[in-house]
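Here is a short report on one protein chain. Keep the sequence and the 3D view open as you read.

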Amino acid sequence: QVQLLESGGGLVQPGGSLRLSCSASGNNFSINRMGWYRQAPGKQRELVADITNGGNTNYADSVKGRFTVSRDNAKNTVYLQMNSLKPEDTAIYYCKTDVRPRGLTLVNTYWGRGTQVTVSS
C-alpha cells in the first residue's frame with residue numbers, strides 16, 4: 001500500500017510563486033511516473049506536469065515556461081515549482097503516481113487528496 005502526502009498549497013497574489021510537494025510512502029515499490037493534475041470548479045481535471053524516472057517531463061501548454069516539475073528519487077518525492085502564477089491557475093492540485101511493486105510488472109495508480117492553490121489579488 002502506498003500513501004501520498006501533498007503540501008505547499010495556499011493563497012498567493014498574481015505573479016507570485018508556490019512550491020508543491022508530494023511524497024510517497026510505503027515499502028517495496030518503485031515509482032515509474034509522478035505528476036500533477038488540477039481541477040478548477042466546473043472544469044475537468046487536467047494534466048499540469050509529470051516526470052518519469054528517467055527525468056523526461058511533460059507540461060500542459062498553459063504552464064510551459066512558468067512551472068517546473070522535478071523529483072527526488074531517494075525521497076520518493078515530486079515537486080512542482082510554480083512561478084508567475086495567474087488567476088486561471090486557481091484549482092485543486094492533485095498528485096498522481098504510477099507505482100510498481102518490486103519484482104512485479106503490474107502498475108498501480110495512486111492519487112493524493114489534493115491541495116488548494118488560489119491566485120487572487
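## A loop residue

This is a predicted model. Start with Asn 27, which sits in the loop between β3 and β4. Asn 27 has a relative accessible area of 65%. The cut-off for exposed is over 50%, so Asn 27 counts as exposed.

Now look across to Arg 102. Along the sequence, 75 residues separate Asn 27 and Arg 102. In space, their C-alpha atoms are 9.1 Å apart.

## A strand residue

Thr 52 lies in strand β5. Its relative accessibility is 16%. Buried means under 20%, so Thr 52 is buried. Leaving out residues up to four places away in sequence, Thr 52 touches Asn 32, Arg 33 and Arg 71.

## The nonpolar core

In soluble globular proteins, nonpolar side chains tend to be buried together. Here, the largest nonpolar core has 31 residues. Trp 36, Leu 80, Met 82 and Tyr 93 have the most contacts inside it. Elements that give two or more residues to this core include β3 (18-25), β4 (29-39), β8 (77-82) and β9 (91-101).

Take Leu 80. Residues up to four places away in sequence are not counted, and Leu 80 touches, among others, Leu 20, Trp 36, Val 48, Phe 67 and Tyr 93.

## The disulfide

The whole structure has one disulfide. Cys 22 and Cys 95 form it, with their sulfur atoms 2.1 Å apart. The pair links distant parts of the chain. Cys 22 is in strand β3 and Cys 95 is in strand β9, 73 residues apart.

Both cysteines, Cys 22 and Cys 95, are buried. Which hand does the disulfide have? The torsion about the S-S bond is about -85 degrees, so the disulfide is left-handed.

Terms used. Residues numbered from 1 in each chain as written. Predicted model: local features only at pLDDT ≥ 70, side-chain atom pairs only at ≥ 80, totals over all residues. Heavy atoms only, no water. Core = buried A, V, L, I, M, F, W, Y, C linked by side-chain atoms within 4.5 Å. Buried < 20%, exposed > 50% of the residue type's maximum accessible area, 1.4 Å probe, protein only. Helix = DSSP H or I, 4+ residues; strand = E, 2+ residues; numbered from the N terminus. Contact = heavy atoms within 4.5 Å. Disulfide = S-S within 2.5 Å.
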